Amino acid sequence: LNALAVEPKGVLVSRNFETLLEYKIGDTITFYNSKDKYVTGKIVDFVDYWPGYEPVTTSLNADGSVNTKDNFLLITHYQLLKQKWGATPYEVWITLKDGAEGSQIAEWIEKYDVHISKYEDKGKAMEDVIEDPLLQGTNGILTMSFIVTLILCAAGYLIYWIMSIRSREMIFGVLRASGMHTSEVFHMLFNEQLFSGVTSILAGIGIGKIASKMFVPMLQSAYAAVDQVLPMKLITNQMDLVRLYIVVAGVMIVCLLVLIVLVLKLNVTKALKLGED
């Protein structure tokens, strides 16, 4: 855009002008409108992406074969087109300030009787995308899967450790009778949790991140991947990860509190008597 601004007859063209038609920066290009009026410009650069521009259009033929069509794009000064072609329909893109609403633009258009052929509110379009049943259904399934998985993991974790501690009740009694303090018993159990539970959680976080980078892009196939211009990029919100870690840490704390209460309720005297019998 900076190169275009300093060249009155400058033209930006799509990348396929370079790859398919073998144009270069500095070449002169002539293009026509529907009335066969032409404009000559100088290529100042190539663009890979542009809002609303699809480099390739894919369609299905009657026999089921795929038909691919390359689309070309030229961007130049409106004044240059107006001089050569006369008044030409154009679009005005408006960025609203924080707190402003698209309805205010519509009211301004109506107030000053501005003639327009089409009006689009991208904010409303974004809301429609967010409220799309397919997107909400996908998010709901993923959220429910996470909650169910978390509950099952917590239940399995508690079942295993409750059975493990119960089966070692007599061993704990012997250790206490041998002079081991309660704090030392807790320290031993803490080390077990550290090298089993915490290590497993860290491994799960690593595996989850790798799996996300490998398999989440497959979801784009459900959202018209054929028409997707920009390459898909996996973006992770750090606050979402913080919330995830807080939830997992909360579940672990609850499980540990249950185990601590269980250990405190162990009847060491009864365990010793069982050992003597």
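Is Lys 118 buried or exposed? Lys 118 is exposed, because its relative accessible area is 53% and the cut-off for exposed is over 50%. Please keep in mind that this is a predicted model.

**Salt bridges**

Lys 118 has a charged partner: its side chain meets that of Glu 120 in a salt bridge, at 3.7 Å from N to O. Glu 120 is partly exposed, with a relative accessible area of 47%. Both residues belong to a network of salt bridges that links Glu 91, Lys 118, Glu 120 and Lys 122. The structure holds 6 salt bridges. Side chains of opposite charge can pair when their charged atoms come close.

Arg 15 is another residue to look for. It forms a salt bridge with Glu 18, where the closest N and O atoms are 2.6 Å apart, and one with Asp 48, where they are 2.9 Å apart. Arg 15 sits in the loop between strand 1 (10-14) and helix 2 (16-19), and Asp 48 in the loop between strand 3 (38-47) and strand 4 (56-60), so this pair ties together parts that are 33 residues apart in sequence. Arg 15 is partly exposed, at 30% relative accessible area; Glu 18 is partly exposed at 34%, and Asp 48 is partly exposed at 39%.

| Pocket | Volume | Lining residues by class |
|---|---|---|
| Largest | about 1,600 Å³ | 19 nonpolar, 12 polar, 3 charged |

Of the 34 residues that line the largest pocket, Phe 146, Gly 208, Ser 212, Leu 241 and Leu 244 are the closest to its centre. Helix 6, helix 8 (182-215) and helix 9 each give two or more residues to this lining, and helix 6 has the largest share, with 10 residues.

The second largest pocket is lined by 24 residues, and nearest its centre lie Glu 91, Val 92, Trp 93, Lys 118 and Glu 120. Helix 4 gives the most to its lining, with 4 residues.

**A nonpolar patch**

On the surface, a nonpolar patch has about 770 Å² of accessible area together, and its members include Phe 146, Ile 151 and Leu 244. Helix 6 (133-167) and helix 9 (238-264) are the elements that give two or more residues to the patch; the largest share, 6 residues, comes from helix 6. Ile 151 is found in helix 6 and counts as exposed, at 54% relative accessibility.

How values were computed:
Residues numbered from 1 in each chain as written. Predicted model: local features only at pLDDT ≥ 70, side-chain atom pairs only at ≥ 80, totals over all residues. Heavy atoms only, no water. Patch = residues over 30% accessible without salt bridge, like charges linked within 9 Å, V, L, I, M, F, W, Y side chains within 5 Å. Areas by Shrake-Rupley, 256 points an atom, 1.4 Å probe, with all protein chains shown as cover. Salt bridge = Lys/Arg side-chain N within 4 Å of Asp/Glu carboxyl O. Buried < 20%, exposed > 50% of the residue type's maximum accessible area, 1.4 Å probe, protein only. 1 Å grid on protein atoms, 1.4 Å probe; cavity = no way out; pocket = protein on both sides within 12 Å on 5 of 7 lines; lining within 4 Å. Points joined across faces, edges and corners; volume = space filled by probe spheres on them. Nonpolar A, V, L, I, M, F, W, Y, C, P; charged D, E, K, R; others polar.
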